[in-house]
Amino acid sequence: MDNILVAFEALHTMDIRLKGRNGFMAMKLDMSKSYNRIEWPYLEAIMQRLGFEACWVHLIMTFVRTVSYPVLVNGHPNRKIIHARGIKQGDSLSPYLFIFSAEGLSSLLLRVEWEGKITGLLIVRGEQRSTSCFSADDSVLFCIVNIQEWGNIQDVLKVYKGVSGQKLNRDKTSLYFSINTRQEAI
């Protein structure tokens, strides 16, 4: 719920920002078949990086890796389909595992922000800038509208896709610009 409120405040800030030479954009990302694409080695590595005990990570990955689906051919059981990636939607543990995987994207964004390659949106004066907001499989990214920051965001998404297996659905991804964004910046 907190992330929804932060996203709402960020968009409200963008709506009322009438001054300033820098326009901002918000990118609402939609990952295509997000639960089905998570690479297992990536998920395991993220849980280890988050500091979970090795025996716990092993137990969770055992549950993730042992999912199989029987196939009926003409009403008779045939072979089972055994997956090599993804997490099962509908499982009560899956949203948490997905949030763990999104932590990798969050870490990449924090790193490029720390390096000065993207500038987050300042919602409250004197507070930290916000570059992202995550809620389960929804993500909103914030940056200044310019070609360098756009390219840096694209680079982050390319790295995240390469390691996690996630793929951006460009048809369902949307952009929102602050009211002070100049047309030539878009």
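The crossing of helices α3 and α4 is right-handed in this predicted model. Helix α3 covers residues 40–49 and helix α4 covers residues 54–65. The two pack at an angle of about 155°, and their axes lie 10 Å apart. Angles over 145 degrees count as roughly antiparallel. The helices α3 and α4 are therefore roughly antiparallel to each other. On the α3 side, the meeting residues are Trp40, Leu43, Glu44, Met47 and Gln48. On the α4 side, they are Trp56, Val57, Ile60, Met61, Val64 and Arg65. By class, this contact of α3 with α4 has 8 nonpolar, 1 polar and 2 charged residues.

Helix α3 can also be described by its burial. Trp40, Tyr42, Leu43, Ile46 and Met47 are the buried residues of α3. Seen down the helix axis, these buried residues fall within an arc of 160°, so they line one face of α3. An α-helix has 3.6 residues a turn, so residues three or four places apart point the same way. Pro41 and Arg49 are exposed on the other side of α3. Just after α3, Gly51 takes a positive phi of about 95°.

The packing of α3 with α5 has another geometry. Here the angle is about 80°, and the axes are 9 Å apart. That makes α3 roughly perpendicular to α5. From α3, the contact draws on Tyr42, Leu43, Ile46 and Met47. From α5, it draws on Leu97, Phe100, Ser101, Gly104 and Leu105. This contact of α3 with α5 has 7 nonpolar, 2 polar and no charged residues. Leu43 and Met47 are among the α3 residues that meet α4, and both also take part in the contact with α5. Both are buried.

Helix α5 packs with α6 as well. The angle between α5 and α6 is about 145°, with the axes 10 Å apart. Their crossing is right-handed. In α5, the contact is made by Ser101, Ala102, Gly104, Leu105, Leu108, Leu109 and Val112. In α6, the partners are Ile153, Val156, Leu157, Val159 and Tyr160. By class, the contact of α5 with α6 has 10 nonpolar, 2 polar and no charged residues. Ser101, Gly104 and Leu105 of α5 contribute here, and these residues also belong to the contact of α5 with α3.

The protein has 6 helices and 6 strands. From the N terminus on, the order is α-β-α-α-α-β-β-α-β-β-α-β. Of the 186 residues in the protein, 38% are buried. Among contacts with a separation of 6 or more, 71% join residues 24 or more positions apart.

Leu168 is found in the loop between α6 and β6 (174–177). It is buried, with a relative accessible area of 18%. Buried means under 20%. The residues Leu168 and Lys33 are 135 residues apart along the chain, yet their C-alpha atoms are separated by 9.2 Å. Leaving aside residues up to four places away in sequence, Leu168 touches Leu29, Asp30, Met31, Leu157 and Thr173. One of these, Leu157, is also part of the α6 side of the contact with α5.

Leu175 lies in strand β6. This residue is partly exposed, with a relative accessible area of 41%. Leu175 and Met27 are 148 residues apart along the chain, and their C-alpha atoms are separated by 4.6 Å. Not counting residues up to four places away in sequence, Leu175 touches Met25, Ala26, Met27 and Trp150.

Asn74 is exposed, with a relative accessible area of 75%.

Methods
Residues numbered from 1 in each chain as written. Predicted model: local features only at pLDDT ≥ 70, side-chain atom pairs only at ≥ 80, totals over all residues. Heavy atoms only, no water. Axes fitted to C-alpha atoms, helices over the stretch in contact; angles between N-to-C directions. Helix = DSSP H or I, 4+ residues; strand = E, 2+ residues; numbered from the N terminus. Parallel < 35°, antiparallel > 145°, perpendicular 65-115°, else oblique. Left-handed = near helix turned anticlockwise from the far one by under 90°. Contact = heavy atoms within 4.5 Å. Nonpolar A, V, L, I, M, F, W, Y, C, P; charged D, E, K, R; others polar. Buried < 20%, exposed > 50% of the residue type's maximum accessible area, 1.4 Å probe, protein only. Arc of directions from axis to C-beta.
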